[in-house]
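Colleague: I'm still learning to read charged side chains in a model. Could you walk me through a few of them?

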Amino acid sequence: MMPQQEDPADPAHHRVDSLKESDAFHDECGVFAVYGHPEAANMAYLGLYALQHRGQESAGICSSDGKHLHCTKKKGLVAEIFTKRVIKDLPGKMAIGHTRYSTAGESNKLNAQPFFVECNKGQLALAHNGNLTNSIEVRGELEAAGSIFQATSDTEVILHLMARSRERNLKHALRESLLRIEGAFSLALLAKDQLIVARDQRGFRPLAFGKLKHNGHDAYVFASETCAFDLIGATYIDDVHPGEMILVSKDGLVREPWAPALPTSHCVFEHVYFSRPDSMVFGRSVEDSRQMLGRSLARESPASADLVVPVPDSGVSAAIGYAAEANLPFRMGLIRNHYVGRTFIEPKQSIRDFGVKLKLNPVQHIIEGQRVILVDDSLVRGTTSRKIVRMMRQAGAKEVHLRISCPPTMSPCYYGVDTPDKDELIAANHDLESIRKYTEADSLAYLSLEGLKESVHDRHDGYCYSCYTGRYPTDVVGIEQLVAEHRQKG
Ligand code: SF4
């Protein structure tokens with residue numbers, strides 16, 4: 001069954017939640033950490049500001065003054081939560097921060113991060129990007145043994161494991177806990193006198209490591225993306241390696257493996273869509289990858305056309321690459337309104353496709369009478385693409401050739417990206433021609449898997465492509481069932 005049209009009579013649609021980009025894979029979370037800076041909370045605030053695109057649901061910062069942790073987390077955007085006054089109440093030279101889009105656990109304030117606990121290991125705060133694939137099982141065991149959980153997020157499992165560990169040393173307790181969990185995690189753990197960051201053994205989610213000079217002293221910074229370093233003037237040094245933990249304390253910085261690295265499975269969607277183009281992710285420029293995606297797409301699927309138009313913002317770089325390779329003009333024939341809030345109350349008089357129109361507007365004098373190649377970075381349910389194709393035709397496009405700069409998305413993600421269920425993924429249930437008809441495009445083409453691999457320079461199978469192939473690098477048998485059971489239980 002093709003996706004249903006929105007029913008304007010349905011009161012649920014009067015609140016235009018389509019502004020939350022329901023027809024897309026959702027961003028996951030952003031993590032930031034700093035050690036050794038007198039304005040640590042301010043650095044975390046700026047870092048989170050740069051990482052806002054990774055999660056707009058809630059944000060939080062925990063700092064340490066060497067004796068106690070101080071935390072603030074709330075629903076909302078970074079700029080809304082962290083006023084000067086709030087930041088003043090986050091003293092100390094160490095801080096961790098988090099921006100969240102829920103990928104596991106319900107969307108509520110209790111699930112906002114960093115998680116803070118006071119346990120036999122002292123005060124601890126934890127910020128996590130990723131998704132634990134065995135969290136339901138481990139949580140069940142912990143609950144059976146008497147643990148009481150405050151929230152539904154998988155991240156809390158790590159803190160409970162640490163609290164139960166007989167290891168007194170924090171590093172050893174963390175290592176023991178990490179050995180018990182499976183899946184994707186890039187995390188930052190803050191105690192009163194030390195900061196530890198760690199990454200899972202396959203390196204699903206990014207975590208970069210940098211340095212910042214302040215009055216002749218070195219401060220260390222860690223972030224999901226290097227764009228956070230640029231804002232605070234930090235220098236990128238390296239990635240935290242898969243299976244590695246980095247400890248920073250008064251004794252200096254120590255890098256060591258917490259477990260052996262496994263063959264890497266970097267999330268390729270970071271390059272296709274999630275990360276900012278001005279970031280280096282997995283050691284490679286996202287902008288370069290996106291332009292290469294467009295070039296590969298142009299070579300694989302050319303079309304007779306007059307110009308190339310991106311679906312902004314995330315389709316822009318791929319469209320630039322496509323236009324350059326195809327030797328066609330690149331034009332901003334669709335303009336995005338950047339000031340649309342997260343929700344909007346629809347006026348009484350219903351306007352068709354209102355949600356998309358609020359965000360995107362075609363530039364008629366560019367499009368009218370033209371054969372347009374429309375480049376987008378993904379086609380998940382297909383509903384938004386159809387609206388955009390219609391919008392282009394209404395603006396006078398003679399032909400619309402839809403080009404998608406990644407392969408068809410066929411399977412859900414279990415590694416920290418919020419994806420629709422398989423039955424909602426249009427490519428998992430329909431052939432190319434049916435999807436083309438549904439989107440009402442004159443032609444439709446996706447980038448091939450080989451084209452994607454080539455574009456991110458993946459010569460050693462170092463990336464995860466599971467949402468395109470349905471082949472997972474870790475054991476996920478039974479996860480779907482467990483997730484469904486857990487949802488039913490509430
Ligand atoms: Fe990324 Fe897709 Fe792999 Fe998830 S399944 S980690 S979204 S490539």
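Colleague: Let's start with contacts. Which residues does Asp239 touch, not counting residues up to four places away in sequence?

Modeller: This is a predicted model, so keep that in mind as we go. Contact here means heavy atoms within 4.5 Å. Asp239 touches Arg199, Leu207, Ala208, Glu244, Arg255, Phe282 and Gly283, with residues up to four places away in sequence left out. To find Asp239 in the picture, look for strand 11, residues 235–239.

Colleague: Okay, then how many salt bridges does the count come to?

Modeller: The count comes to 24 by this rule. Take Arg175 and Glu256: their side chains meet in a salt bridge, 3.1 Å from N to O. Arg175 sits in helix 6 (residues 170–180) and Glu256 in strand 13 (residues 252–257), so the pair ties together parts that are 81 residues apart in sequence.

Colleague: Are Arg175 and Glu256 buried or exposed?

Modeller: Check the relative accessible area: under 20% is buried, over 50% is exposed, and partly exposed is in between. Arg175 is buried, and Glu256 is too. Now try Arg276 and Asp278, a salt bridge whose closest N and O atoms are 2.7 Å apart. Arg276 has a relative accessible area of 29%, so call that residue partly exposed. Asp278 comes out at 42%, which is partly exposed as well.

Colleague: What do Glu325 and Arg295 tie together?

Modeller: First, the bridge: the side chains of Glu325 and Arg295 meet at 2.7 Å, N to O. Glu325 belongs to helix 10 (residues 316–326) and Arg295 to helix 9 (residues 286–300), so this pair links parts that are 30 residues apart in sequence. Glu325 is partly exposed at 30%, and Arg295 is partly exposed at 28%.

Colleague: Which residues do salt bridges that share partners join into one network?

Modeller: Look for Arg54, Arg205, Glu225 and Glu270: salt bridges with shared partners join them into one network.

How values were computed: Residues are numbered from 1 along each chain as its sequence is written. This is a predicted model: local features need pLDDT of at least 70, side-chain atom pairs count only at pLDDT 80 or more; totals for chains, interfaces and linings use all residues. Side-chain values use heavy atoms; hydrogens and water are left out. Helices (H or I, at least four residues) and strands (E, at least two) are DSSP runs, numbered from the N terminus. A salt bridge is a side-chain nitrogen of Lys or Arg within 4 Å of a carboxyl oxygen of Asp or Glu. Buried means under 20% relative accessible area, exposed over 50%, partly exposed in between (1.4 Å probe, protein chains only).
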